[in-house]
Amino acid sequence: KLAKAHLRKANQGEIQGTLELMGHPGLVAGMTIKLADFGQFSGNWFVTKSTHKVSGSGGYTTSVHVRGAIGKGAIKVAAVSSPYIEVAASTARGGFGSLPRGNNYDQLEKQFNQKRDEMRGEKELTPKEEILLCLPDIAMAQAEKQDAASNDRVGWLQLRALLQKWFSSNYTENKGVDERTDVFWVDMDWVLSYKRIALAYLILINDYYLFNDKAQQALVKILGRDKHFKDKESPFDYTRPHVQPKKPYPWCEWEDGYFQRKDIDDKYIFPVDGFTASIANCSLRALASGKVIPLPGKGHKIIVESVSVYLWDAFNFEAKDSLGYWSCEDKNYKIYPFVTDKTYYELHNYDFNGFREEYGFGNDFRVISQPKKVEPAKRFKYDTDL
């Protein structure tokens, strides 16, 4: 204890600074963060204060005041028993502008251009069909109107890639969207940069919602299905899929393993921003890790040691909603155009389905993120008679 006290005294106040980051509910005073890709300031820092803000212009942001001391090639912090989280330089405000990893954008563009050339060469397309095939170009034009490092620019670029992926894939009628092996990845930090989504996330990870009776029963059912109620301790971790070997893709296990969700109805957001353009309606889903311990006599104790959250969506056109008015000539999108805007055509979900029936192109797919661990770690325990 004395050595720790001296270390705290030696470190305190030597180096201090403030970071403004994309909103992160887990960043709180008293924890240690590790800065990555910050040059000579990379390393461990102790958070002395955090401020969380939600604004109309900046979205959800977190400002943290940190202290530490630069040592020989590393940053020293006081030896404290506190939660820990890593912060990459890319999460600092202004770090957007590039698309998330995991998607082959060059290949998507190449395949789409080939398909579009093939269709235009086969027969003369109707004006509405031309608009549909022009949508990726319109999305690109909308992205170029945004600030270079804005989250909205990423959203419109994602819409371009999503459309290219949908139009360039052959329709497999015999498979549902959950059975297909191709997905489109989005970044969870980008998702949470939108204040309304960040607020939904905060609701989801609130203990009263996250571990309500329905969620507890859902986790019991999942653990029972996977045979975790044994006569000895049984660890489980649904954030790292390995439970069902017959399902080789992690998102298939995430679909079977989440115990709580928060649905987001985002299709009526005006003006349309990057999130509504590319994602709109979706859900945030929670996965748990922990252990099951047998109780004396009968029953088991379920101990949740951490929770991760991911985004789950489908890129399809099932509803009958209007998707607004689009112009290939103006490379623009409007909710309601002027009467004189003759180049604008209203699109509906059924226009995409009709196109698919006519040409055999247009395959639905999942849009998901990697699970993001909730910090500080969520811990909860309860008993079951099973």
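Ala280 counts as buried, because its relative accessibility of 14% lies under the 20% cut-off. In this predicted model, Ala280 is found in the loop between helix H10 (274-278) and strand E10.

The loop between H8 and strand E8 (234-237) holds Lys227. At 62% relative accessibility, Lys227 counts as exposed.

| Residue | Relative accessibility | Class |
|---|---|---|
| Ala280 | 14% | buried |
| Lys227 | 62% | exposed |
| Lys221 | 67% | exposed |

Lys221 lies in helix H8. Between Lys221 and Gly257 there are 36 residues in sequence, and their C-alpha atoms are 9.9 Å apart in space. Gly257 belongs to helix H9 (residues 250-257), where Trp251, Cys252, Glu253 and Trp254 are buried, as is Gly257. Against which elements do the buried residues of H9 pack? They pack against helix H8 (213-225) and against the strands E7 (183-186), E10 (282-294), E11 (300-315) and E15 (365-369).

A further backbone feature occurs at Pro376. The peptide bond from Glu375 to Pro376 is cis, with omega near -10 degrees. Pro376 is placed in the loop between strand E16 (372-373) and strand E17 (380-384).

The interior is described next. In soluble globular proteins, nonpolar side chains tend to be buried together. Here the largest nonpolar core has 81 residues, and Phe259 and Leu284 touch the most other members. Helix H4 (residues 151-168) gives the most to this core, with nine residues. A second, separate core has eight residues, including Ile33, Leu35, Trp45 and Val47. Leaving aside neighbours within four places in sequence, the contacts of Phe259 include Leu210, Phe211, Ile222, Leu287 and Val307.

Helix H4 also meets helix H3 (residues 127-144): their axes come within 8 Å and cross at roughly 165 degrees. Since this angle is over 145 degrees, H3 and H4 are roughly antiparallel to each other. Their crossing is left-handed. Among the residues making the contact are Leu132, Pro136 and Met140 of H3 and Trp156, Leu159 and Leu163 of H4. By type, the residues of the contact of H3 with H4 divide into 12 nonpolar, two polar and three charged.

Note on methods
Residues are numbered from 1 along each chain as its sequence is written. This is a predicted model: local features need pLDDT of at least 70, side-chain atom pairs count only at pLDDT 80 or more; totals for chains, interfaces and linings use all residues. Side-chain values use heavy atoms; hydrogens and water are left out. A nonpolar core is a set of buried Ala, Val, Leu, Ile, Met, Phe, Trp, Tyr and Cys residues joined through side-chain atoms within 4.5 Å. Buried means under 20% relative accessible area, exposed over 50%, partly exposed in between (1.4 Å probe, protein chains only). Helices (H or I, at least four residues) and strands (E, at least two) are DSSP runs, numbered from the N terminus. Contact means heavy atoms within 4.5 Å. Axes are lines fitted to C-alpha atoms, for helices over the stretch in contact, and angles run from 0 to 180 degrees between N-to-C directions. Angles under 35 degrees count as roughly parallel, over 145 as roughly antiparallel, 65 to 115 as roughly perpendicular and the rest as oblique. A crossing is left-handed if the near helix is turned anticlockwise from the far one by less than a right angle, and right-handed if clockwise. Ala, Val, Leu, Ile, Met, Phe, Trp, Tyr, Cys and Pro count as nonpolar, Asp, Glu, Lys and Arg as charged, and the others, Gly among them, as polar.
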